[in-house]
Amino acid sequence: MKLLVVEDEALLRHHLYTRLGESGHVVEAVEDAEEALYQAGQFHFDLAIIDLGLPGISGLELITRLRSQDKTFPILILTARGNWQDKVEGLAAGADDYLVKPFQFEELEARLNALLRRSSGFTQSTIAAGPLVLDLNRKQATLDEQPLALTAYEYRILEYLMRHHQQVVAKDRLMEQLYPGDEERDPNVIEVLVGRLRRKLEGEHGFKPIDTVRGLGYLFTERCR
């Protein structure tokens with residue numbers, strides 16, 4: 001999933017960028033609200049982590065502006081402030097959850113996963129469609145109860161399509177699941193990855209859940225639960 005991290009403390013920003021990337025996310029990490037607003041205007045994000053104590057435009061004001069621009073992705077506040085007034089103000093501004101520094105990365109990751117599940121309409125840590133099951137915590141897939149060997153990029157594409165099942169997903173949106181905004185992109189990569197996914201999913205039983213919608217993108221046709 002594509003995450004936006006807004007944190008002015010350089011060491012923590014780098015730590016979050018690294019650890020979240022290792023967890024399989026594509027991360028844009030910025031130090032102030034101005035850059036965050038630019039990124040949010042240019043790219044689609046699935047979730048944002050925002051520090052309240054930003055220089056210049058505050059974290060609270062950033063959240064308010066994002067919501068006024070109809071940015072509906074979940075927002076987790078990450079801040080050193082711990083009193084209840086800050087929590088109330090952050091949630092009232094449009095945040096969805098709150099975590100106080102210092103924190104354990106495992107707790108942050110658990111909260112992010114819960115927010116991502118809820119925003120996609122799922123309550124469990126798995127997504128299933130017919131014989132296919134994704135374990136969102138382990139980043140693993142099984143087909144007919146057998147492990148499905150996927151590369152990291154193949155898994156990201158499959159997870160995104162299943163989270164947005166029965167919706168047409170544009171190729172550009174899938175590209176954002178693979179690369180940070182400033183990285184050079186090969187437009188043929190998505191076609192190659194989807195082709196490999198189709199061959200692996202078809203297997204021995206002919207499971208064909210991914211359709212191409214010409215000129216628009218890809219559609220995961222099965223209902224996911």
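Let me start with Arg111 and Glu107, whose side chains meet in a salt bridge at 3.1 Å, N to O. By salt bridge I mean a side-chain nitrogen of Lys or Arg within 4 Å of a carboxyl oxygen of Asp or Glu. This is a predicted model, in which local features need pLDDT of at least 70, side-chain atom pairs count only at pLDDT 80 or more, and totals for chains, interfaces and linings use all residues. Residues are numbered from 1 along each chain as its sequence is written, and side-chain values use heavy atoms, with hydrogens and water left out.

Back to that pair. Arg111 and Glu107 sit four residues apart in helix α5 (residues 105-120), so about one helical turn separates them. Helices (H or I, at least four residues) and strands (E, at least two) are DSSP runs, numbered from the N terminus. Arg111 is partly exposed at 26% relative accessibility, and Glu107 is partly exposed at 34%. On cut-offs, buried is under 20% relative accessible area, exposed is over 50%, and partly exposed lies in between, with a 1.4 Å probe and protein chains only.

Next, Arg196 and Glu154 form a salt bridge with their closest N and O atoms 2.6 Å apart. This one links distant parts of the chain, from Arg196 in helix α8 (residues 189-202) to Glu154 in helix α6 (residues 152-163), 42 residues apart. Arg196 is partly exposed at 30%, whereas Glu154 is buried at 1%.

Salt bridges that share partners also join Glu7, Asp51 and Lys101 into one network.

The structure holds 14 salt bridges. Among them is Lys2 with Glu28, at 3.5 Å, N to O. Lys2 lies in strand β1 (residues 2-6) and Glu28 in strand β2 (residues 26-30), 26 residues apart. Both Lys2 and Glu28 are buried.
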